[in-house]
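Student: I want a close look at one part: the aromatic rings. Please take me through them step by step.

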Amino acid sequence: MSLDHHPHGRDIAGCRFVLATDLDGTFLGGSEQDRARLYDWIEANRQSIGLIFVTGRDPKFIRELCDAGVPWPEYVVGDVGTTIARVRDGTIHPIEPLEVEIADTWADAGDTVRAALAGHPGLTLQPTDFRYRVSYDLDASTFDASAHQKIRDIGHDPLVSDNRYFDVLPRGISKGPSLRRLVAHLGIEEDRVLAAGDTLNDLSMLQCGLRAVAVGGAEQDLLDQVSGLSQVHTAEAIGAAGILEAVGAFDLHPLPEGA
């Protein structure tokens with residue numbers, strides 16, 4: 001997508017519908033046809049649909065993804081909730097007032113976390129240097145669960161997702177609280193928002209009180225924990241098609257033909 005088609009950080013509070021979506025397995029999940037249907041529908045309805053990415057991915061990944069043709073979001077809750085940013089002209093700009101609490105809670109803890117988990121069985125440090133989190137690849141066959149208590153003891157929150165990733169986050173900070181903070185900041189009516197996810201690092205987003213969807217193919221542990229929540233739609237359709245299924249189930253916006 002060319003720079004001419006960026007949404008330029010526009011005000012999305014007036015949109016009929018705002019999609020706040022995880023990427024891997026959710027917005028990027030499903031068949032090529034299903035993804036194209038969702039993406040084309042969003043682009044054709046930019047005046048009435050707002051888009052927020054809520055992801056564990058970092059800004060560099062998001063830029064590369066959107067430059068390759070995925071719709072640009074107006075806002076990003078990135079790095080598992082530790083980045084809250086607007087998107088303008090293809091660049092992601094953190095919204096400083098919304099990140100003050102995150103930065104203060106983290107308090108430059110990266111070195112302390114890395115030292116506490118150095119050599120810990122089943123964890124391999126990821127090379128990306130995140131601002132307010134430390135992330136590891138997890139080998140479930142050798143992982144020692146004592147890592148959870150190590151992290152709690154030094155004042156932070158551990159988060160395992162898809163049984164493959166281990167994130168260390170500032171205490172109380174995750175996708176759900178950060179999304180709620182952004183929605184309130186932008187003045188978006190909460191009943192216009194749909195949160196979408198598929199793994200345990202989306203749990204706080206699906207539990208935060210907004211309408212939500214666990215897309216088809218979601219992690220079983222996530223499904224187990226949201227099964228009793230009336231505001232969460234458990235989709236049968238995979239990934240992108242599951243998002244459209246939930247839009248229809250909640251009657252949030254007219255759907256594209258064939259959805």
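**Rings and their partners**

Tutor: Start with a charge and a ring. Arg57 lies over the face of Phe61, with 3.8 Å to the ring centre.

A word on the model. It is predicted, so local features need pLDDT of at least 70 and side-chain atom pairs pLDDT 80 or more, while totals for chains, interfaces and linings use all residues. Numbering runs from 1 along each chain as its sequence is written, and side-chain values use heavy atoms, without hydrogens or water.

The structure has 5 aromatic pairs. (Rings of Phe, Tyr and Trp, for Trp the six-membered ring, pair with centres within 6.5 Å; planes under 30 degrees apart are stacked, over 60 edge-to-face, the rest tilted.) One of them joins Phe27 and Tyr39. Their centres are 4.7 Å apart, their planes stand at 35°, and the pair is tilted. Find both on the chain. Phe27 belongs to helix α1, and Tyr39 to helix α2, residues 32-44. The pair therefore ties together parts that are 12 residues apart in sequence. (Helices, H or I with at least four residues, and strands, E with at least two, are DSSP runs numbered from the N terminus.)

How covered are these two? Phe27 has 0% relative accessibility, so Phe27 is buried. Tyr39 has 10%, and Tyr39 is buried too. (Buried is under 20% relative accessible area, exposed over 50%, partly exposed in between, with a 1.4 Å probe and protein chains only.)

Stay with Phe27, for it also pairs with Phe53. Here the centres lie 5.4 Å apart and the planes make 55°, so this pair is tilted. Phe53 sits in strand β2, residues 49-54, and Phe27 in helix α1. So the pair ties together parts 26 residues apart in sequence. Phe53 counts as buried, because its relative accessibility is 0%.

Ring pairs link Phe27, Tyr39 and Phe53 into a cluster.

Terms used
Lys NZ or Arg CZ within 6 Å of the ring centre and 35° of its normal.
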